[in-house]
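Colleague: Hi! Could you walk me through this fold, step by step?

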Amino acid sequence: MAMEDNRRGLWLAYGLWFTFWLVLLTLIIGILIVISTLFEPRGTLGRKLARVWGQLLLKILGIPVIVEGREHLVPGRTYIYAANHRSQFDIFVLMEVLPDDFGWVAKKSLFQIPLFGQALSRLGNVSIDRQNLPEAIRSLNHAAELVQEGRSLIIFPEGTRGISRELLPFKKGVFIMAMKAGQPIVPVSISGTMAIQPRGSLHIRPGPIKVVISPPIDPQEFQGRPKEELMAAVHQAIADHFDPDYPYGSDRSHN
């Protein structure tokens, strides 16, 4: 029992240490992004700063990232990346591993965070308000236009951070957008972030993250077919490589 208490105390210390750096770096880099977009409205520099933000947050905890499947991506090609979502660390690791320039389709509440939300907006990311259907439709149409113009986007089709071992049901709206955009969807399976920091926990337990990039799925092949078939294909591809027990296996003594 004493060893377990010591371990949890260490995880809390990691959590408090990381939260300090998360707030500090978000303030500093958020300000730099807002300033940079005043002089460079396209946001290219701002998105590079955002990538540095994610990379630094992983380096602070010394978290190793293992990536498989990069060979499936064609440099410079426009994609819609669809990833599972279990922790805020999913955001940092996608910043680390995905190539080229990309934006995010994210829930509206993130855009309401001081400086962080401003930075998201200035970089042309897409805000989704799922409580307001007309506004959500407009946002998804805008996202489709960005992809058609050559901007890769990241979506979390589960819609929120899950706490279950299985993937949550996917939201239909983002797949309607993907079919309209007509660019390949890349399933991305992220394992290990839930072990580092599950939703709602302040404790952080540094450990490895594994990312598997599956072959792109062409939505054009699903034209004229129910969107549920495209959803099922992406869901299966992510589920095939998502390991909720990574990196500790099924040994619950690590929890």
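Colleague: Which order do the strands of the open sheet have?

Modeller: A quick note comes before that: this is a predicted model, where local features need pLDDT of at least 70 and side-chain atom pairs count only at pLDDT 80 or more, while totals for chains, interfaces and linings use all residues. Residues are numbered from 1 along each chain as its sequence is written, and side-chain values use heavy atoms, leaving out hydrogens and water. Strands (E, at least two residues) and helices (H or I, at least four) are DSSP runs numbered from the N terminus, and two strands pair if DSSP finds at least two bridges between them. With mixed pairing, the 7 strands of the open sheet follow the order β1-β7-β6-β2-β5-β3-β4.

Colleague: Which are the edge strands?

Modeller: Look for strands that pair on one side only. Those are β1 (65-68) and β4 (126-128).

Colleague: How far apart are the end C-alpha atoms of helix α8?

Modeller: Helix α8 (residues 227-241) has 15 residues, and at 1.5 Å a residue it should span 21 Å; the expected span is 1.5 Å times one less than the number of residues. The separation of the end C-alpha atoms agrees with this: 22 Å.

Colleague: Which residues in α8 are buried?

Modeller: Buried means under 20% relative accessible area, with exposed over 50% and partly exposed in between (1.4 Å probe, protein chains only). What covers the buried residues of α8 includes β2 (80-83), α6 (173-181) and β6 (185-191). The buried ones are Leu-230, Met-231, Val-234, Ala-237 and Ile-238.

How values were computed: Contact = heavy atoms within 4.5 Å.
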